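Subject: Structure for your files

Hello,

Here is the structure you will be working from. My notes on it follow below.

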Amino acid sequence: MKKTSTELTATESGYVALSNNALNIITENLKNHPLSPALFDVIKSPSGGTTAFTVPGMSGDEIEKELTGIILDYTTPRAYWDTPDPVEGTPPVCVSRDSVISNEGKPCAQCPHNDFGSKNGGETNAKACKESVNIFLLRQNNIIPLIVRVPVTSKTSFLKYATRLVSSLTPICGVVTRITLEKTSNKTGQPYAMYNFEAIKTLSPEETASARAFGQKFMEAMNFADTPVMADAG
C-alpha cells in the first residue's frame with residue numbers, strides 16, 4: 001500500500017519524529033499557527049520531594065517514575081517577579097531567554113536580583129531572579145517533545161551531564177536520556193526532588209544526524225514571543 005503524506009515510519013530506535021515528514025504534519029495540523037511554547041505539555045518539578053512526574057496524557061494526568069527520550073535542545077530561562085509568591089500565570093517583571101541578557105537588553109550578571117541572598121530580604125541564600133532549564137524531550141511515539149522544566153536546584157546536575165557527554169564527543173541529541181528523581185533536602189531540612197540524568201543508549205550516526213536536523217528545524221519553528229510562559233512561577 002502506498003504511504004500517505006501523513007504516515008510516519010519509526011527509525012531503528014523507534015522514534016517516529018525522526019522521519020522526514022514529521023514537521024510537515026505539525027504544519028498541517030496547526031494550519032500555520034506559530035509553534036508556541038504555550039502549546040506544549042510541560043512537566044514541572046514535583047513538590048515536597050515527590051519522586052514521580054505528573055505527565056499530561058490523552059485521558060488525563062499520568063504518574064511516571066522516569067522520563068526517557070532524546071533531548072533535542074534546551075534553554076536556560078530566568079524570570080523575576082516583584083512579589084515573593086506570585087500567583088500562577090502572573091507575568092514576570094523581567095525575563096531572560098538565556099540567563100545572560102534580559103528582555104530589556106541588560107546583562108543578568110550585573111543585576112542585583114541575581115545576587116545570592118536577594119530573595120525575601122536575605123532570609124535565605126536564594127536569588128530573587130528564578131533560574132531554570134527547559135528541556136525539549138522527544139519520546140518514541142511522539143513528534144511533539146515534552147518540555148521538562150528543571151529547577152535551579154538541579155541545574156548544575158543537568159549541566160554536568162551535558163559536560164560529561166562533551167568529554168566523550170557525544171552530542172546531547174546523540175543519546176537516549178533517562179531522567180529520574182531522588183528525594184533530598186536543603187540546609188533547612190525542607191525536602192525537594194533532585195533530578196538525575198543518565199544516558200542509557202547511544203544512537204547510530206544516522207539517527208543522531210536525523211535528531212540534530214529535526215531539533216534544529218523544530219527550534220527554528222518555535223515562536224518564543226511568550227517566553228514568560230516558559231519561565232512561570234510554577
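A residue is called buried here when its relative accessible area is under 20%, exposed when that area is over 50%, and partly exposed in between (1.4 Å probe, protein chains only). The model is predicted, with local features needing pLDDT of at least 70 and side-chain atom pairs counted only at pLDDT 80 or more, while totals for chains, interfaces and linings use all residues. Residues are numbered from 1 along each chain as its sequence is written, and side-chain values use heavy atoms, with hydrogens and water left out.

Overall layout

The protein has four helices and ten strands, helices (H or I, at least four residues) and strands (E, at least two) being DSSP runs numbered from the N terminus. Their order along the sequence is α-β-β-β-β-β-β-β-β-α-β-β-α-α. The protein has 234 residues, and 40% of them count as buried. A contact means heavy atoms within 4.5 Å. Among contacts with a separation of 6 or more, 62% are between residues 24 or more positions apart. The exposed surface comes to about 13000 Å², with carbon and sulfur atoms supplying 52% of it; the areas come from the Shrake-Rupley method with a 1.4 Å probe, and for residues only the protein chains shown count as cover.

Aromatic rings

Rings of Phe, Tyr and Trp (its six-membered ring) pair if their centres lie within 6.5 Å; planes under 30 degrees apart count as stacked, over 60 as edge-to-face and the rest as tilted. The structure holds eight such pairs. One of them joins F40 and F218 edge-to-face, at 5.7 Å centre to centre and 85° between the planes. F40 sits in the loop between helix 1 (22-30) and strand 1 (42-43), and F218 in helix 3 (residues 205-221), so this pair ties together parts 178 residues apart in sequence. F40 counts as buried at 7% relative accessibility, and F218 counts as buried at 0%.

F158 and F197 also pair edge-to-face, because their ring centres are 5.3 Å apart and their planes lie at 65°. F158 belongs to helix 2 (residues 155-167) and F197 to strand 10 (residues 191-202), so parts 39 residues apart in sequence are tied together. Both of these residues, F158 and F197, are buried. They also belong to a cluster in which ring pairs link F53, Y74, F158, Y161, Y195 and F197.

Salt bridges

A salt bridge is a side-chain nitrogen of Lys or Arg within 4 Å of a carboxyl oxygen of Asp or Glu. The whole structure contains six. E64 and R139 form one of them, at 3.0 Å from N to O. E64 is in strand 3 (residues 60-64) and R139 in the loop between strand 7 (129-138) and strand 8 (146-151), so the pair ties together parts 75 residues apart in sequence. E64 and R139 are both buried.

K155 and E131 form a salt bridge with their closest N and O atoms 2.9 Å apart. This pair links helix 2, which holds K155, to strand 7, which holds E131, across 24 residues. Both K155 and E131 are buried, and they join R78 and K127 in a network of salt bridges.

R178 is partly exposed at 24% relative accessible area, and E198 is partly exposed at 40% relative accessibility.

Regards
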